[in-house]
Amino acid sequence: PLQILKTHRFLNNSQYWAIDQRRNWIQDQLDRTLRYAVKHVPYYQRTLSQYESRFSEMVDNLDLRELPILTKQIVRENFDELCAPKNRYFSTSNVSQTSGSTGTPMRFLLDQQSHINQFAAIWRVLNWTGYKFSNRYASIDSTLEEETDRLFKFNPRQNCLNIPFVNLRAENVKDCIGKLKQFDPVVIKSYPSALSLFCRWLQEAGIDDFHSPAVLTCAETLLDHQERTIREVLHCRLHDFYGQNERACIFSTCEEGRYHIHEEYSFVELINRDGEMAEFKDQAEIVTTSFHNFAMPLIRYQTNDLAMVDDGTPCHCGRTYRTVDRVLGRVQDFILTPEGRQVTRLDVPFRFSPGIQEGQIVQETVDEVHLRLVKAATFQQKDLDNLLYQMKLRLGDDIKIGHDFVDDIPLGKNGKKKFVVSSLESRP
């Protein structure tokens, strides 16, 4: 606890550092990470030793593009070689893994310092929403750790009301709101797909008297129509958080709504299609080098996630981090058209169809997509007509768009609802 508190205090201070102070600190961390890796980690001894004489120049320029990319497949195939022997930097570690939402699950090793940094970093993400340690908060999550049909479970250690979304239904939404009013959390943490559907149920039930001070969405890409619904129903400050189980990087929004890159957590490169540093309005791939996990350092790790680069103007919140315009989502969240275009933000067409409660886009072949749609109580034929028209505008005439209506869109194995489900391998 003392180490967590110390790290949290450091983060609260460092977020307002001068630009030069931050750059110097990042350079020190990069140099430390690279030299540790080639000395202790077998995989990097084999792949990075040839570049060691140029580390200083790379670090001075904050430019690691000369080094090879570390892909998820490389991590899967070289797990043992990527793990450092236990040494003075860490004495305990544990194996965790990703959920496998985009393919085969990936194992990774985490040390104690990584756990400390993670706890402190998430604590600060919550602080940006107005939460303070020991405040009440609610979590509308995919499920609880153990299987249960209970609608609520209180965690006294975290002062958290857990609401497993798998047990929520339109018919018990009034009970849920009654409990939330009684509990009065300062923030609600939730997957955006779960919370936006919950808000739609509130609208249909005519419940408009519950207002949350703040909401923190996480674990999925926050889509435009979801954000609009949550804000309209809960009248809240909405914050969004992006991270990964492998703890590659953290982005989160401040009170001004800007996405900040948490630069004490890792060194983040925003790379365009040509492998160059991305510029304003580029769709950039997020590549990271971790600073805190010496059991298994990730150097130039390809997250397969994309962000839109902003103009780089300082944020009015006063924090001096780099920012991005938005997190676009996983590479796998794109639809591939017959002419080779990768189309994203296909949630936008749904804003023209308020009578459609939920949707999912499925692509199994390059010349066809299929829409799974859940009707709202207000559904009319024009909702479907508008949706198909808007989809055709974005995808073009060479791709067939089919649809069917379903009662529900099931959760994936990882407890999340994927908006785009694609089996195509041709990706950016």
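## Before you start

Residues are counted from 1 along each chain, in the order its sequence is written. In this predicted model, local features need pLDDT of at least 70 and side-chain atom pairs count only at pLDDT 80 or more, while totals for chains, interfaces and linings use all residues; side-chain values rest on heavy atoms, with hydrogens and water left out.

## The second largest pocket

Let's begin with some open space. The second largest pocket holds about 730 Å³. Here a pocket is an open set of points on a 1 Å grid over the protein atoms alone, where a 1.4 Å probe fits, with protein on both sides within 12 Å along at least five of seven lines. Its volume is the space filled by probe spheres set on the points, and grid points are joined across faces, edges and corners.

The lining of this pocket has 31 residues, and Glu 263, Gly 312, Tyr 321, Arg 322 and Thr 323 lie nearest the centre; a lining residue has an atom within 4 Å of a point. Two or more lining residues come from each of α2 (19–40) and β11 (266–271), and β11 gives the most, with 5 residues. These elements are DSSP runs numbered from the N terminus: helices (H or I) of at least four residues and strands (E) of at least two. By class, the lining has 14 nonpolar, 6 polar and 11 charged residues. In this sorting, Ala, Val, Leu, Ile, Met, Phe, Trp, Tyr, Cys and Pro are nonpolar, Asp, Glu, Lys and Arg are charged, and the others, Gly among them, are polar.

Ser 14 belongs to helix α1 (residues 2–14) and is buried, at 0% relative accessible area. Buried means under 20%, exposed over 50%, and partly exposed in between, using a 1.4 Å probe and protein chains only. A polar side-chain atom of Ser 14 lies 3.4 Å from the backbone oxygen of Leu 11. That is a polar contact: N or O atoms within 3.5 Å, one able to donate a hydrogen and the other to accept it within protein, with sequence-adjacent residues counted only if both atoms are side-chain atoms.

Arg 22, in helix α2, is also buried, with 3% relative accessibility. Beyond four places in sequence, Arg 22 touches residues including Ser 14, Glu 263 and Tyr 321; contact means heavy atoms within 4.5 Å. A polar atom of the Arg 22 side chain lies 3.3 Å from the backbone oxygen of Gln 15.

## The nonpolar cores

The largest nonpolar core has 38 residues, and Leu 30, Tyr 44, Leu 48, Phe 55, Leu 67, Leu 70 and Met 296 have the most contacts inside it. Such a core is a set of buried Ala, Val, Leu, Ile, Met, Phe, Trp, Tyr and Cys residues joined through side-chain atoms within 4.5 Å. α2 gives the most to this core, with 7 residues. Apart from this core lies another, of 31 residues, among them Leu 151, Phe 165, Leu 180 and Cys 199.

## Thr 289

Our last stop is Thr 289, in strand β12 (residues 283–290). Thr 289 counts as buried, at 0% relative accessibility. A polar atom of its side chain lies 3.1 Å from the backbone nitrogen of Arg 300. Leaving aside neighbours within four places in sequence, Thr 289 is in contact with residues including Leu 30, Leu 64 and Phe 267.
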